[in-house]
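Welcome! Here is a structure to explore together, one question at a time.

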4 protein chains.
Amino acid sequence: MKVGFIGLGRMGVGMADNLLKAGHEVCLFNRTPAKAEPLVARGAQLAANVAAACRGDAVITMLADDDALRRLAFGPGGIVESLGRGAVHISSSTISVALAEELEAAHAAAGQKFVSAPVFGRPEAAAAGKLFVVAAGASQTLAELTPVFDAVGQKTFVVSDSPRTANLVKLSGNFLIASVIESLGEAIALVDKGGVDRNQYVDLLTSTLFGAPVYRTYGDLIAGRRFEPAGFAAVLGQKDIRLALSAAEALAVPLPLASLLRDRFLTLIAHGGGALDWSAIGDLASRDAGMNDQH
Amino acid sequence: MKVGFIGLGRMGVGMADNLLKAGHEVCLFNRTPAKAEPLVARGAQLAANVAAACRGDAVITMLADDDALRRLAFGPGGIVESLGRGAVHISSSTISVALAEELEAAHAAAGQKFVSAPVFGRPEAAAAGKLFVVAAGASQTLAELTPVFDAVGQKTFVVSDSPRTANLVKLSGNFLIASVIESLGEAIALVDKGGVDRNQYVDLLTSTLFGAPVYRTYGDLIAGRRFEPAGFAAVLGQKDIRLALSAAEALAVPLPLASLLRDRFLTLIAHGGGALDWSAIGDLASRDAGMNDQH
Amino acid sequence: MKVGFIGLGRMGVGMADNLLKAGHEVCLFNRTPAKAEPLVARGAQLAANVAAACRGDAVITMLADDDALRRLAFGPGGIVESLGRGAVHISSSTISVALAEELEAAHAAAGQKFVSAPVFGRPEAAAAGKLFVVAAGASQTLAELTPVFDAVGQKTFVVSDSPRTANLVKLSGNFLIASVIESLGEAIALVDKGGVDRNQYVDLLTSTLFGAPVYRTYGDLIAGRRFEPAGFAAVLGQKDIRLALSAAEALAVPLPLASLLRDRFLTLIAHGGGALDWSAIGDLASRDAGMNDQH
Amino acid sequence: MKVGFIGLGRMGVGMADNLLKAGHEVCLFNRTPAKAEPLVARGAQLAANVAAACRGDAVITMLADDDALRRLAFGPGGIVESLGRGAVHISSSTISVALAEELEAAHAAAGQKFVSAPVFGRPEAAAAGKLFVVAAGASQTLAELTPVFDAVGQKTFVVSDSPRTANLVKLSGNFLIASVIESLGEAIALVDKGGVDRNQYVDLLTSTLFGAPVYRTYGDLIAGRRFEPAGFAAVLGQKDIRLALSAAEALAVPLPLASLLRDRFLTLIAHGGGALDWSAIGDLASRDAGMNDQH
């Protein structure tokens with residue numbers, strides 16, 4: 001397929017690379033074109049602007065947030081204006097449910113297709129083509145995009161024919177991970193202050209009931225207070241919890257644990273920790289327990 | 001070793017059986033002696049009272065709660081009065097940190113030893129000798145008890161030389177499981193009300209980021225609203241969260257997520273759900289979102 | 001002064017009437033002009049459109065929410081386009097801090113002045129000219145507006161020279177009232193389930209420590225479960241808590257009690273109670289305690 | 001009446017003094033007898049032990065907590081053993097609902113009467129005889145005690161014939177005050193960080209919607225961060241919230257705001273603030289917002 005790709009951050013680079021490897025014709029656009037160079041060396045084309053990246057069968061966007069996507073999608077020279085009739089916009093960014101709805105409507109009005117296909121996985125998984133793709137949109141369209149999804153991910157989950165539901169699932173996933181961080185943070189504060197070694201405790205948890213990698217990863221970070229460099233910055237975690245709460249508000253679903261997470265992120269940010277790894281909220285329970293003066 | 005075993009509930013029966021299989025000489029005491037019969041048929045002795053179960057090298061208690069253990073431990077004919085000098089009381093029940101402290105002091109005053117060795121695992125794991133043992137106490141004593149721990153569990157974690165810390169770790173583990181339930185309950189409410197199939201959502205989670213069995217087990221129960229029969233009753237979950245909060249209060253460790261869980265359990269109990277599986281608190285987010293009228 | 005007045009809801013009607021009574025020349029605009037008739041009969045002019053209401057020294061807006069004000073303020077024929085150079089826009093609506101910032105910037109760019117002057121008080125206080133005015137803006141401008149504020153309110157509080165701070169104070173006030181509702185709701189649930197008469201309990205509170213009218217008003221509504229007709233609808237309360245949380249997010253101020261209120265409002269709305277008086281969130285503690293089946 | 005009075009703390013001294021002034025025959029007991037001297041100089045008798053204070057028609061206890069009362073009430077030479085048949089124990093301490101139940105049963109078994117009569121008011125009100133008395137017990141008994149209640153309080157509220165309900169009401173009252181502190185703390189953090197003067201803000205609140213003295217008192221303390229000396233120590237506040245939560249647990253009433261207060265008190269205590277005035281929890285919202293480094 002002939003695919004445009006917009007957004008060459010840490011995730012996007014790996015995804016675009018795997019599209020190339022799978023034999024797709026890829027046309028890249030990034031705000032700072034330098035990031036595209038290694039991929040151009042391996043056969044990708046470089047688009048001079050957004051419009052130039054929208055001339056294929058599909059264009060994938062992998063951008064930082066709502067604002068970034070909104071800026072490139074709407075307005076003169078934007079994706080909606082530039083994409084061909086019948087072509088499809090695949091939004092893989094973690095964006096709000098509301099923006100997904102707007103995009104669906106705008107593309108439909110322009111005779112184009114729109115699917116949401118956010119992904120689970122960290123940059124290493126993107127580089128290895130081992131992401132999990134959560135896709136939603138018209139089933140015929142999704143079927144046609146199978147070669148694209150297969151190139152970037154190890155498995156694709158179709159959650160519904162309404163694009164925004166994929167965004168909701170993605171946000172719920174980040175909420176679940178943040179919940180793991182909070183619960184580990186509280187448990188570690190409790191046992192540590194009670195006299196148990198933090199690191200040994202995480203070993204115990206992860207070799208018994210909590211074998212999932214998410215517990216190992218975040219348990220180690222919290223126990224060791226290793227919040228730099230950030231794998232995923234706290235400000236991004238805060239944004240995702242905000243988007244989850246916003247979607248929940250629109251659906252009238254109260255989420256008290258998500259509200260707690262919101263307050264944790266704001267506390268962290270208020271103390272200058274926005275650039276730390278989001279697992280740093282897992283240290284706040286220890287801080288509230290007065291345990292951090294020793295460190 | 002010559003071991004007394006007090007408390008033949010669903011967990012205790014399997015543990016005592018594995019002690020027998022491992023060649024230990026086991027003397028059982030249970031309030032309702034009938035439960036001991038199958039084990040007596042396989043070679044266990046039956047004690048007429050608590051004191052008679054306290055004549056060996058060690059006595060293991062596996063009882064429902066603080067009250068039950070307190071009743072058998074203290075007072076005339078109780079464990080403290082009956083156990084021989086130098087013998088050891090192994091407490092495997094999920095009890096309060098405060099009671100563990102009391103027992104440690106009482107046994108020390110009586111020239112006896114005390115270790116806490118609560119276990120992680122459900123009745124099937126107890127029957128299979130596959131429990132995880134969390135042990136704390138004097139290291140020499142724990143070393144001598146290795147054959148006992150090996151008989152009931154697949155692995156033993158020594159967390160400290162202070163018995164009560166093992167109880168704290170056990171309570172923290174149940175807090176972590178309840179946190180998984182709450183977070184799944186909120187996530188499922190959110191995506192379900194947003195149009196995603198609940199069961200398919202749990203499949204997605206458990207085949208991607210949340211592969212740990214605890215997510216599979218509780219995700220299925222919550223998505224399918226299958227809260228009967230109870231694997232672990234809500235009233236017991238409520239008790240364990242209360243004990244965790246009580247230990248946290250003594251240590252001055254605020255635990256907002258545990259406080260949320262407390263309120264969830266009370267809500268469930270106030271609506272007559274105390275005998276349901278504790279995962280039923282995972283349905284309260286859906287209830288608050290007004291989604292349960294359809295069912 | 002020659003004053004435009006836009007927005008003749010239950011509050012606006014009383015405010016405009018008091019401006020007339022104080023001798024100001026008042027030009028009214030309302031979406032449904034019929035509401036202006038009684039005031040026109042008493043000497044007010046009727047503007048055919050927003051622009052016509054912007055020809056005086058000042059224009060006051062008293063609208064339902066951000067959307068309503070945004071629609072009338074910006075765009076062709078809107079307030080910013082229509083107001084004369086040096087004239088002032090007095091925003092008395094309960095709007096977001098963010099919109100106040102936008103308006104301040106837009107009016108400054110157009111050579112106009114902007115002040116925020118939200119009010120505390122219910123429709124009866126508006127009718128009686130007994131509102132409390134919370135004003136913020138350039139001090140010279142505020143001084144010139146004294147006759148306007150004195151006409152609608154019994155007292156004016158100048159909180160800062162930055163307009164948005166008045167909106168923040170207004171939102172914080174509604175947060176405080178909602179907190180009273182929640183705390184009363186929990187206390188009433190507790191003592192009622194414990195065997196104390198709800199109504200007698202509110203009498204006790206309000207004749208001892210909690211003599212402020214806000215306790216009397218809301219205590220009676222909650223104890224008597226009288227949530228219709230709404231004095232202030234739950235959907236508006238939810239909106240104000242959302243705006244408070246949004247302002248708090250921008251300032252990185254975690255507000256756990258406001259988060260709890262958010263969840264309470266969403267629960268109420270999810271059960272179809274959005275049109276009830278906002279004190280109906282004070283019944284949710286009783287509901288969670290299983291007490292509402294009897295009613 | 002011939003009345004024993006046990007517990008001459010800051011509250012008890014004023015209450016006993018007013019009993020004397022009203023003409024009652026008062027027999028005092030206090031752990032440190034020196035505190036009784038001024039009252040003895042004004043005509044009170046001094047009891048050598050608890051039993052000696054229990055020889056009249058009634059004995060009033062005004063002690064620090066459950067433990068103190070339990071120690072004096074039960075066991076050899078205690079109140080239950082010493083009080084005459086038909087005499088009445090008036091418990092005015094802020095104690096648990098559970099202990100009130102125990103005392104009711106113990107006194108009934110001993111052929112004695114028991115009423116709960118906790119009070120609202122600070123030491124100055126106790127000294128002035130201006131307390132509010134919350135009384136519960138057999139109506140005949142309460143009627144006979146009218147002269148006692150009238151001596152110490154300005155008004156008596158009878159809440160039920162079950163003594164423990166008065167303790168529940170007292171605990172709920174302290175919960176409501178702590179809720180005011182928390183809500184003010186959050187509101188002050190929000191507006192202060194947004195650029196509004198904290199002290200001026202409290203003036204605004206207390207001269208508009210929140211005229212009750214409780215807002216003035218605690219608003220000033222929080223805005224000015226004046227938490228020493230303590231009018232009511234944080235550890236006592238924490239105890240009362242614990243008792244309220246414990247009563248709520250027994251009744252299956254979830255109280256999320258009380259849970260938040262619990263965590264606030266534990267945070268304060270964990271940072272060494274247990275001896276501060278309980279309004280110091282009102283500074284934690286500012287602390288979480290990163291605002292306290294400047295002070």
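Q: At roughly what angle do the axes of helix α10 (residues 198–206) of chain A and helix α11 (residues 213–224) of chain A cross?
A: This is a predicted model, in which local features need pLDDT of at least 70, side-chain atom pairs count only at pLDDT 80 or more, and totals for chains, interfaces and linings use all residues. Residues are numbered from 1 along each chain as its sequence is written, with chains lettered from A and ligands numbered from 1 in the order in which they are written. Helices (H or I, at least four residues) and strands (E, at least two) are DSSP runs numbered from the N terminus, and axes are lines fitted to C-alpha atoms, for helices over the stretch in contact, with angles from 0 to 180 degrees between N-to-C directions. The axes of α10(A) and α11(A) come within 9 Å, and they cross at roughly 170 degrees.

Q: Are α10(A) and α11(A) roughly parallel or roughly antiparallel to each other?
A: Angles under 35 degrees count as roughly parallel, over 145 as roughly antiparallel, 65 to 115 as roughly perpendicular and the rest as oblique. The crossing here is at roughly 170 degrees. The two helices α10(A) and α11(A) are therefore roughly antiparallel.

Q: Which residues of α11(A) meet α10(A)?
A: Two residues are in contact if their C-beta atoms, placed from the backbone, lie within 7 Å. From α10(A) come Arg198(A), Asn199(A), Val202(A), Leu205(A) and Thr206(A). Their partners in α11(A) are Tyr215(A), Arg216(A), Gly219(A), Asp220(A), Ala223(A) and Gly224(A).

Q: Where is Pro229(A) found?
A: A cis peptide bond joins Glu228(A) to Pro229(A), with omega about -5 degrees. In general, most peptide bonds are trans. Pro229(A) sits in the loop between α11 and α12 of chain A.

Q: How far apart are the centres of domain 1 and domain 2 of chain A?
A: Chain A is divided into domain 1 (2–161) and domain 2 (169–294), bounds that come from an automatic or database domain assignment. Their contact takes nine residues from domain 1 of chain A and ten residues from domain 2 of chain A. Taken over C-alpha atoms, the centres of these two domains are separated by 30 Å.

Q: Which element gives the most to the side of chain A that touches chain B?
A: The contact takes 50 residues from chain A and 49 residues from chain B. Elements giving two or more residues to the chain A side include β9 (153–160), α9 (163–193) and α12 (234–251). With 17 residues, the element that gives the most is α9(A).

Q: Is Leu46(C) buried, exposed or partly exposed?
A: Leu46(C) is found in strand β3 (residues 45–46) of chain C and touches Leu28(C), Pro33(C), Ala36(C) and Val40(C), not counting residues up to four places away in sequence. A residue is buried if 20 or more other C-beta atoms lie within 10 Å of its own, exposed if 12 or fewer, and partly exposed in between, with C-beta atoms placed from the backbone. Leu46(C) has 15 other C-beta atoms within 10 Å, so it is partly exposed.

Q: Is Ala252(D) buried or exposed?
A: The place of Ala252(D) is the loop between α12 (234–251) and α13 (256–270) of chain D. Phi of Ala252(D) is near 55 degrees, a positive value in a residue other than glycine. Because 21 other C-beta atoms lie within 10 Å, Ala252(D) is buried.
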